[in-house]
Amino acid sequence: MKVNRTYSIDVSLVQALRSRRNQSDTVCRALRLYLAGEDEFSITDVPLFQLMAAVAARTDDESLKVLLYSKIKDAQSKKNPRLLSDIKWKGPPTSSNPSEDP
């Protein structure tokens, strides 16, 4: 159930909300996160391709840049995960030959 309430917010927030499609939903989600104590930054909330772009922009290693930029294109497709939290940890790689394990 929804109710209408009037609250005072900064003009800059109003201007930022104008670009949003569903302003009420944006405000509701932001308040839920704030009230739940989840308003702190988490790197897992950043889209994976944005993280890769940030690393690529800060490195001098050309081969790493090429690799990251090619992966960014892959990450933007629907087949690949968008967030780090979408990637399931499978544990460290295991050797098929037991004699190779330390």
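Analyst: Happy to! Helices (H or I, at least four residues) and strands (E, at least two) are DSSP runs, numbered from the N terminus. This is a predicted model, where local features need pLDDT of at least 70, side-chain atom pairs count only at pLDDT 80 or more, and totals for chains, interfaces and linings use all residues. Residues are numbered from 1 along each chain as its sequence is written, and side-chain values use heavy atoms, with hydrogens and water left out.

The protein chain has 4 helices and 0 strands, in the order α-α-α-α from the N terminus.

Now to your pocket: on a 1 Å grid over the protein atoms alone, a pocket is an open set of points with protein on both sides within 12 Å along at least five of seven lines, and lining residues have an atom within 4 Å of a point. The largest pocket holds about 890 Å³ of space. It has 20 lining residues, and Gln23, Ser24, Val27, Cys28 and Leu31 are the closest to its centre. Helix 2 (23-35) and helix 1 each supply at least two lining residues, with helix 2 giving the largest share, 9 residues. By class, the lining has 11 nonpolar, 6 polar and 3 charged residues; here Ala, Val, Leu, Ile, Met, Phe, Trp, Tyr, Cys and Pro count as nonpolar, Asp, Glu, Lys and Arg as charged, and the others, Gly among them, as polar.

Turning to helix 1 (residues 11-18), leucine 13 is found there. Leucine 13 counts as partly exposed because its relative accessibility is 45%, between the limits for buried (under 20% relative accessible area) and exposed (over 50%), with a 1.4 Å probe and protein chains only.

Terms used. On a 1 Å grid over the protein atoms alone, a cavity is a set of points where a 1.4 Å probe fits but cannot get out, and a pocket is an open set with protein on both sides within 12 Å along at least five of seven lines; lining residues have an atom within 4 Å of a point. Grid points are joined across faces, edges and corners, and a volume is the space filled by probe spheres set on the points.
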